[in-house]
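Here's a quick tour of a few salt bridges and what surrounds them. Have the viewer open as you read.

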Amino acid sequence: ATALTLVAVKVADKPADEDHHYGHAKAESVVALVETGMLFGITAWVAYEAISRLLEGAHEIELSWWLFAIVIASIIIDYNRSNALRKTAEKTSSAALAADALHFAADMWSSFAVLIGLTLVWMGFGFADSLAALVVAVFVARAAWQLGKQTLNNLLDAAPAGATAQITEIVEGVNGVLGIRQLRVRPA
């Protein structure tokens with residue numbers, strides 16, 4: 001997903017040309033849509049595996065201190081990556097970077113669920129790993145849903161929230177303007 005984001009950002013950065021009058025920014029949204037599909041696929045796979053293991057009673061997990069260390073390090077790294085990407089996405093209005101930020105935030109929260117599951121397994125509750133996996137599936141599905149909604153709004157040129165009302169108010173406040181019959185707004 002991150003490699004796709006890198007490619008999308010490079011393509012989207014190309015200026016408008018004779019064939020693409022509004023530039024190439026939609027490349028980011030296309031990649032974000034692919035990432036949405038990947039996230040839903042991961043959700044289905046994780047949920048399937050977790051439910052299968054709960055039904056079969058298969059809970060073989062070997063615990064060690066380094067497993068906990070890796071999960072904690074993953075949480076710290078994903079937190080920092082998510083924040084950095086989110087800030088950059090806000091500054092640049094990048095759909096691809098926002099998608100990656102959401103992806104890493106979901107990874108971070110998923111790692112918290114894994115950490116709790118591993119702790120419960122360590123305490124003797126073998127099934128907790130599978131339950132944690134279902135929680136992970138919920139986090140990833142939620143991220144995919146949010147990302148999908150944002151991506152479709154970008155691809156379908158949804159007007160920015162409140163922009164229509166704000167522009168209407170400004171235009172109708174101008175002397176000589178009797179009203180607005182039709183207003184179209186798209187992000188650019």
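Asp78 and Arg81 sit 3 residues apart in helix α3, about one turn of the helix (helices are DSSP runs of H or I, at least four residues, numbered from the N terminus). An α-helix has 3.6 residues a turn, so residues three or four places apart point the same way. The two form a salt bridge, with the closest N and O atoms 2.8 Å apart (the cut-off: a side-chain nitrogen of Lys or Arg within 4 Å of a carboxyl oxygen of Asp or Glu).

Asp78 is buried at 4% relative accessibility, while Arg81 is partly exposed at 38% (buried is under 20% relative accessible area, exposed over 50%, partly exposed in between, with a 1.4 Å probe and protein chains only).

## About the model

This is a predicted model, where local features need pLDDT of at least 70 and side-chain atom pairs pLDDT 80 or more, while totals for chains, interfaces and linings use all residues. Residues are numbered from 1 along each chain as its sequence is written, and side-chain values use heavy atoms, leaving out hydrogens and water.

The whole structure has 5 salt bridges. In one of them, Asp157 meets Lys26 at 2.6 Å, N to O. Asp157 lies in the loop between α5 (128-155) and α6 (163-172) and Lys26 in helix α2 (residues 26-56), so this pair ties together parts 131 residues apart in sequence.

Asp157 also bridges to Arg186, at 3.4 Å, N to O. Through shared partners, Lys26, Asp157 and Arg186 join into one network. Arg186 is partly exposed, at 33% relative accessible area.

Definitions and conventions
Helix = DSSP H or I, 4+ residues; strand = E, 2+ residues; numbered from the N terminus.
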